[in-house]
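Subject: Structure handover

Hello,

Below is the structure, followed by notes on what was found in it. Please read the notes with the structure open.

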Amino acid sequence: MRVEGAVTSLTCRGRDDQFFIGTNKGQMHRSAYATFKEELVAVCHTEAVNNIVFPEGHSDLFVTCSTNDIRVWYTPERLERLRITIPNVTCHAFEVTRDGMVIVSAWNDGKIRAFVPATGEPMYEINNAHNLGVTAIAATSDCKQIISGGGDGQVRIWNIGEKTQKLREVLKEHRGAVSCIKINKNDKEGVTASLDGTCVIWDLVRYVRKQMILDNTLFKCVCYHPGEYQIITSGTDRKVSKAAGTLQCTTHGLALIVYWEVLDGSAIREVQGSLSSSINGMDIISDGASFVTGGDDHLVKLWDYKEGTVTHVGVGHSGNITRLKICPVNKYIVSVSADGAVLIWK
């Protein structure tokens, strides 16, 4: 019998004639004593999972990314359907275009790579998209532009044609890595969050800043309310403390969820998101009644949007939650974490 990777665990199945094999490649095999032939029954990531996305209008499929690969999963059977492998690089983020025809992805080697979702075939690459790696990415609903953010803090807008990809605009407001990008439904406005403590709301017609939100926070996630009159943000709060006559900026575990007005960038509500850790991922249900968060406390929390209170808590992750997403029909929540886990919640 031969399996991929080193064998890390073996276990018998009660009094049955089967046993299971685990490997360091994130695979679990099943075998019968009589035949001694392996059968692959489950796979998972072996490194931190950085993003999770459902294709528009499809709840039975979702996509994840990690070091070296992007994977497509079939939700009802929890099976991997496709794996796109790029050795020795890490995919920080990706987006499935609204028409479902392209996966555009952001990599730590500074490249934007596009693939066919059905086959994993490469479509195009944009070299040197950002100097310090591409850290965030989003696509407009007409699939004609993509917006990327980098470790250098720049936001770049690209025109995408059938055979050409051209840089349209460079927006320079952030001084730290861009962590999240969201675009509104009519493609005329977008918001970017950065680890430098700023969120910027952009006019995507004139390519200028509309509002800048400043806070003592390492912003890690931002979401539009479905009505698009508010955004909510979270991350890790920073506090300024005085020690030995000097001012020091330290990152505390405290995390606030803040509601902001899109029109003028004013804060309208603060909610205590976590007392002990940062919030790394957030998503809002399609009717705007609830939202979900996850972070370094390993908990998935479902919130009532209007009340700002937690209604349900999911316990299951053993690593820091990096991102999570509600499926289009609001049936599943999928959360991913730094230990390679992918959990599906009902």
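The protein has 30 strands and 0 helices; both are DSSP runs numbered from the N terminus, with at least four residues of H or I for a helix and at least two of E for a strand.

Two remarks on conventions. This is a predicted model, in which local features need pLDDT of at least 70 and side-chain atom pairs count only at pLDDT 80 or more, while totals for chains, interfaces and linings use all residues. Residues are numbered from 1 along each chain as its sequence is written, and side-chain values use heavy atoms, with hydrogens and water left out.

Confidence

The mean pLDDT (the predictor's confidence in each residue, from 0 to 100) is 91, and 95% of the residues reach 70 or more. Over residues 239-250 the pLDDT is below 50, and this stretch has 16 contacts in the model beyond near neighbours in sequence. A contact means heavy atoms within 4.5 Å. Where pLDDT is low, the predicted coordinates should not be read in detail.

Overall dimensions

Along the principal axes, the C-alpha atoms fill a box of roughly 70 × 50 × 45 Å. The accessible surface is about 16700 Å², with 49% of that belonging to carbon and sulfur atoms; areas come from the Shrake-Rupley method with a 1.4 Å probe, and for residues only the protein chains shown count as cover. Of the 346 residues, 50% count as buried. Here buried means under 20% relative accessible area, exposed means over 50%, and partly exposed lies in between (1.4 Å probe, protein chains only). Of the contacts between residues at least 6 apart in sequence, 37% join residues at least 24 apart.

Salt bridges

A search of the whole structure finds 14 salt bridges, each defined as a side-chain nitrogen of Lys or Arg within 4 Å of a carboxyl oxygen of Asp or Glu. Side chains of opposite charge can pair when their charged atoms come close.

Asp69, Arg71, Glu80 and Arg83 are linked in a network of these bridges. Within that group, Glu80 pairs with Arg83, the closest N and O atoms being 2.9 Å apart. Glu80 is partly exposed at 23% relative accessible area, and Arg83 is partly exposed at 32%.

Arg209 pairs with Glu173, with 3.4 Å between the closest N and O atoms. This pair links distant parts of the chain: Arg209 is in strand β18 (residues 208-214) and Glu173 is in the loop between β14 (165-171) and β15 (178-183), 36 residues apart. Arg209 is partly exposed at 42% relative accessibility, as is Glu173 with a relative accessible area of 28%.

Lys325 and Asp283 also meet in a salt bridge, at 3.7 Å from N to O. They too link distant parts of the chain, with Lys325 in strand β28 (residues 321-326) and Asp283 in strand β24 (residues 279-284), 42 residues apart. Which of the two residues has a relative accessible area of 23%, and is it buried or partly exposed? That is Lys325, which is partly exposed; Asp283 counts as buried at 7%.

Loop residues

Most residues other than glycine have a negative phi. Cys143 has a positive phi, near 65°. Cys143 sits in the loop between β11 (134-139) and β12 (145-150) and is partly exposed, with a relative accessible area of 22%. His298 also has a positive phi, near 70°. The loop that holds His298 runs between β25 (290-295) and β26 (299-304), and His298 is partly exposed at 24%.

Glu47 lies in the loop between β4 (38-43) and β5 (51-53) and is partly exposed at 41% relative accessible area. Leaving aside neighbours within four places in sequence, Glu47 is in contact with Ser66, Thr67, Ala338, Asp339 and Gly340. From Glu47 to Lys25 the C-alpha distance is 9.7 Å, at a separation of 22 residues in sequence.

Surface patch

Val310, Val313 and Val315 make a nonpolar surface patch of about 270 Å². Patches are made of residues with over 30% relative accessible area and no salt bridge, joining like charges within 9 Å and nonpolar side chains (Val, Leu, Ile, Met, Phe, Trp, Tyr) within 5 Å. Val310 is found in strand β27 (residues 309-315) and is partly exposed at 37%.

Regards
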